[in-house]
Amino acid sequence: MSHPIPNTNESHSVQIILPQKQLGRRSDMYVFCCSYTHNVAPRGKFIAFVSAEAETDNPQSKLKPGIDLLGSVDEIFYDIYDRYEPVNEPSLDNCFVSTSYDATTHFETTVTDVLNMYTMITGKVTWTSSFYLLE
């Protein structure tokens, strides 16, 4: 994009969570934007992600609420990823495998997964925090 997300006070870094209830979905939708100020794009350019769990056979069409927030877009790419979860029993095989990334753009579930693996491997409990979405 050649501009920040509209109505975000010209912010060069934005994260928006669209609640499932408001979208009539089973899971939330996530919008993330960063810019050239983060050294991820050429000067004057912005990169945005709209992500969600696929709940239909046509998931691209269901991203519309998030994409509509972006304003005009220079170029758009769609990609669908399978998610994987370990099926082994770490206490039996001593093999610790993380789950695949999910749709969350703030990595909450990934951090929780890594902290849980750390506890399983070391036996040490780590401090965790939770994110709460106010409706």
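Is Ser35 buried or exposed in this structure? In this predicted model, Ser35 counts as buried, because its relative accessibility is 0% and the cut-off for buried is under 20% relative accessible area.

**Ser35 and Tyr36**

Ser35 has its place in strand S2, whereas Tyr36 lies in the loop between strand S2 (29-35) and strand S3 (46-52). Tyr36 is partly exposed, with a relative accessible area of 22%. The side chain of Ser35 makes a polar contact, at 2.8 Å, with the side chain of Thr37.

| Residue | Relative accessible area | Residues in contact |
|---|---|---|
| Ser35 | 0% | His12, Val40, Ala41, Lys45 and Phe46 |
| Tyr36 | 22% | His12, Ala41, Pro42, Arg43, Gly44, Lys45 and Phe46 |

Along the chain, Tyr36 and Phe107 are 71 residues apart, and their C-alpha atoms are separated by 21 Å.

**The two domains**

The domain assignment of the protein chain gives domain 1, covering 14-69, and domain 2, covering 83-125. Taken over C-alpha atoms, the centres of domain 1 and domain 2 are separated by 25 Å. Where the two domains meet, eight residues of domain 1 are in contact with six residues of domain 2.

The size of an interface is often given as the accessible area lost when the parts come together. Here domain 1 and domain 2 bury about 560 Å² between them, and 57% of that area is on carbon and sulfur atoms. Of the area that domain 1 buries against domain 2, Gln15, Tyr30 and Glu53 supply 72%, which is more than any other three residues.

Across the interface of domain 1 and domain 2 there is one salt bridge. Glu53 forms a salt bridge with Arg83, in which the closest N and O atoms are 3.4 Å apart. On the side of domain 1 that touches domain 2, the elements giving two or more residues are strand S1 (14-18), S2 and S3. The largest share of that side, three residues, comes from S2. Sorted by class, the side of domain 1 that touches domain 2 has five nonpolar, two polar and one charged residues.

Key. Residues are numbered from 1 along each chain as its sequence is written. This is a predicted model: local features need pLDDT of at least 70, side-chain atom pairs count only at pLDDT 80 or more; totals for chains, interfaces and linings use all residues. Side-chain values use heavy atoms; hydrogens and water are left out. Helices (H or I, at least four residues) and strands (E, at least two) are DSSP runs, numbered from the N terminus. Buried means under 20% relative accessible area, exposed over 50%, partly exposed in between (1.4 Å probe, protein chains only). Contact means heavy atoms within 4.5 Å. Domain bounds come from an automatic or database domain assignment. Buried area is the accessible area (1.4 Å probe) that two parts lose on being put together, summed over both. A salt bridge is a side-chain nitrogen of Lys or Arg within 4 Å of a carboxyl oxygen of Asp or Glu. Ala, Val, Leu, Ile, Met, Phe, Trp, Tyr, Cys and Pro count as nonpolar, Asp, Glu, Lys and Arg as charged, and the others, Gly among them, as polar. A polar contact is a pair of N or O atoms within 3.5 Å; within protein, one must be able to donate a hydrogen and the other to accept it, and residues adjacent in sequence count only if both atoms are side-chain atoms. Lists of a residue's contacts leave out its neighbours within four places in sequence.
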